[in-house]
There are 4 protein chains.
Amino acid sequence: MKSDFRFHHNIRVRFADTDLQGIVFNGNYLTFYDVAWTEYFREIGLTWQEMISSGVDTVLARTTIEFKSPAKFDDVLEVHTRVSKIGNTSMIFDFEIYLEGDERLIGTAQSLYVCVDPKSLQKVRVPDDLRARIAALEGQVLD
Amino acid sequence: MKSDFRFHHNIRVRFADTDLQGIVFNGNYLTFYDVAWTEYFREIGLTWQEMISSGVDTVLARTTIEFKSPAKFDDVLEVHTRVSKIGNTSMIFDFEIYLEGDERLIGTAQSLYVCVDPKSLQKVRVPDDLRARIAALEGQVLD
Amino acid sequence: MKSDFRFHHNIRVRFADTDLQGIVFNGNYLTFYDVAWTEYFREIGLTWQEMISSGVDTVLARTTIEFKSPAKFDDVLEVHTRVSKIGNTSMIFDFEIYLEGDERLIGTAQSLYVCVDPKSLQKVRVPDDLRARIAALEGQVLD
Amino acid sequence: MKSDFRFHHNIRVRFADTDLQGIVFNGNYLTFYDVAWTEYFREIGLTWQEMISSGVDTVLARTTIEFKSPAKFDDVLEVHTRVSKIGNTSMIFDFEIYLEGDERLIGTAQSLYVCVDPKSLQKVRVPDDLRARIAALEGQVLD
């Protein structure tokens with residue numbers, strides 16, 4: 001539920017996001033989760049460009065997506081986002097999408113991201129600075 | 001591996017599918033799996049329109065996607081597709097993407113589809129005709 | 001230039017919008033213009049759903065798009081939007097995209113929309129209420 | 001009409017391409033034209049990668065798109081493509097989309113591409129080799 005999250009980012013459904021069934025095409029949810037993930041990093045004070053500059057890129061290795069209820073054109077989606085676990089080289093992000101001002105759950109995702117060297121693409125440790133920033137937002141250490 | 005599948009559909013990566021990392025944007029894989037799913041139904045002699053006309057729609061309830069290796073612009077992707085289980089109202093589709101003429105695994109998905117009434121959206125039993133068509137393609141009964 | 005417009009809507013470039021050249025894929029601009037068009041209607045107090053309910057749909061008949069300067073991931077684009085002419089059954093929308101807080105022109109579009117009956121798809125006159133709302137925003141009658 | 005063209009590429013409309021009006025979303029046509037453009041170069045024996053390697057990139061500077069008739073899910077679109085003019089640094093591509101096996105015109109585009117140096121992005125002359133290849137396909141010199 002929404003109270004499990006300290007951060008969310010709103011996305012308004014575009015005409016382009018819908019399909020002939022009159023609802024958001026399922027393939028577009030991965031993009032919504034990706035946008036929220038980007039905004040989560042902005043919230044903790046890091047841009048993707050800064051991550052790359054510091055020698056760490058982050059790649060999506062696995063995601064499980066559940067589709068609970070359809071969303072429609074012009075709906076405002078609250079994409080609630082949190083980190084639920086940080087391993088040596090990986091982080092698990094949890095997402096839940098709700099309609100704005102509503103408790104109806106639209107969908108969920110749980111995604112495993114791995115930190116890699118931008119050039120070699122070899123796994124690298126999740127940086128301490130990133131761990132500290134996430135702990136500050138989440139209000140707990142997740143290692 | 002490819003030999004686990006009796007059906008695949010080829011998709012050539014478009015310029016539009018790539019992102020600034022020079023590889024296919026992760027959000028586009030759900031669309032690739034959706035295209036292969038459509039073509040699987042064509043292979044067993046059913047179009048989506050015919051499914052709807054017969055009173056059965058199919059909705060994606062859950063999918064787990066793994067990203068194994070990046071794909072690039074102009075790559076031809078073989079999206080290998082099979083049904084691995086049919087329940088009362090649901091079907092599990094397995095997907096594996098390989099580069100054409102190569103054993104390199106690009107990604108996988110396992111997706112749970114549920115049969116519903118097109119109007120009420122209530123769950124309905126997977127039709128016998130559909131079960132028979134899938135069994136014929138897969139060479140085994142999956143109920 | 002920006003001062004030619006009384007309305008704009010901001011869109012932040014998503015990772016998904018970029019391509020392997022590291023810039024926004026050209027095909028995505030039509031979606032940006034479509035989003036701004038939707039927001040223009042919201043600004044004058046009409047949603048697309050209300051238009052349909054009142055018996056008028058609007059279809060894009062022709063657009064000319066110019067690509068002036070590339071946009072990048074995370075850029076905030078100001079999509080400046082105005083109606084420049086209203087005919088019997090059609091409206092011309094002008095769009096100019098600038099980087100937020102910058103005079104650099106990213107691109108332009110001029111689009112011809114035609115009012116049609118939502119069922120028959122036959123052309124219908126641009127409603128007087130719509131003409132009045134546009135005139136109020138633009139500060140001039142455009143018939 | 002189709003007989004004005006010596007090359008076309010077929011694209012099947014995906015579920016993802018449709019919108020809540022049950023037809024192809026207008027923003028997706030630019031991607032269809034881009035795919036056909038890529039395939040035109042393949043037809044004359046050049047891949048985009050080879051163009052870049054030879055020191056020439058091609059950017060879309062302007063396009064005019066007309067929407068004539070809607071396309072639907074699962075339609076096969078013939079994207080007819082030709083070069084109609086080659087200038088010093090630019091080329092004009094004409095596109096017409098028809099339903100497969102049908103004379104119904106879905107849409108047209110006329111697009112101006114400019115040759116640039118991949119690094120400096122300065123305009124460069126359309127290479128003689130490219131002019132010769134296009135003349136061979138089109139059956140006429142277009143300079």
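Predicted model: local features only at pLDDT ≥ 70, side-chain atom pairs only at ≥ 80, totals over all residues.
Along the chain, Asp75(D) and Arg14(D) are 61 residues apart. Neighbours within four places in sequence can be set aside. Asp75(D) is then in contact with Ile11(D), Arg12(D), Val13(D) and Leu99(D).

Helix packing was examined next, beginning with chain A. Helix α1 of this chain covers residues 29–43, and helix α3 covers residues 128–138. The two helices pack at an angle of about 95°. Their axes lie 10 Å apart. Angles of 65 to 115 degrees count as roughly perpendicular. Therefore α1(A) is roughly perpendicular to α3(A). On the α1(A) side, the contact is made by Tyr40(A), Phe41(A) and Glu43(A). On the α3(A) side, Leu130(A), Ile134(A), Leu137(A) and Glu138(A) take part. By class, the residues of this contact divide into 5 nonpolar and 2 charged, with no polar residue.

Chain C was examined in turn. Here helix α1 (residues 29–43) of chain C packs with helix α3 (residues 128–138) of chain C at an angle of about 95°. The axes of these helices in chain C are 10 Å apart. The helices α1(C) and α3(C) are therefore roughly perpendicular to each other. Helix α1(C) brings Tyr40(C), Phe41(C) and Glu43(C) to the contact. Helix α3(C) brings Leu130(C), Ile134(C), Leu137(C) and Glu138(C). The contact of α1(C) with α3(C) has 5 nonpolar residues, 2 charged residues and no polar residues.

The relation between chains was then considered. Chain D can be laid on chain A by a turn of 180° and a shift of 0.0 Å along the axis. The RMSD of this superposition is 0.0 Å. The two copies are thus related as by a two-fold rotation axis. Within chain D, the C-alpha nearest the axis belongs to Asp19(D), at 2.0 Å from it. The same surface serves both copies, as 100% of the contact residues of chain D recur in chain A.

Chain B was also superposed on chain A. A rotation of 180°, with 0.0 Å of shift along its axis, gives an RMSD of 0.0 Å. In chain B, Thr64(B) has the C-alpha nearest the axis, 2.1 Å from it. For this pair too, the same surface serves both copies: 100% of the contact residues of chain B recur in chain A.

Rolling a probe the size of a water molecule over the atoms shows where empty space is left. A search of the whole structure finds 9 cavities of 30 Å³ or more. The largest cavity holds about 720 Å³ of space. Its lining has 30 residues. The closest to its centre are Asn28(A), Ala16(B), Asn28(B), Asn28(C) and Asn28(D). The lining of the largest cavity divides into 10 nonpolar, 12 polar and 8 charged residues.

Definitions and conventions: Residues numbered from 1 in each chain as written. Chains lettered and ligands numbered in written order. Heavy atoms only, no water. Axes fitted to C-alpha atoms, helices over the stretch in contact; angles between N-to-C directions. Helix = DSSP H or I, 4+ residues; strand = E, 2+ residues; numbered from the N terminus. Parallel < 35°, antiparallel > 145°, perpendicular 65-115°, else oblique. Contact = heavy atoms within 4.5 Å. Nonpolar A, V, L, I, M, F, W, Y, C, P; charged D, E, K, R; others polar. 1 Å grid on protein atoms, 1.4 Å probe; cavity = no way out; pocket = protein on both sides within 12 Å on 5 of 7 lines; lining within 4 Å. Points joined across faces, edges and corners; volume = space filled by probe spheres on them. Least-squares fit on C-alpha atoms with pLDDT ≥ 70 in both.
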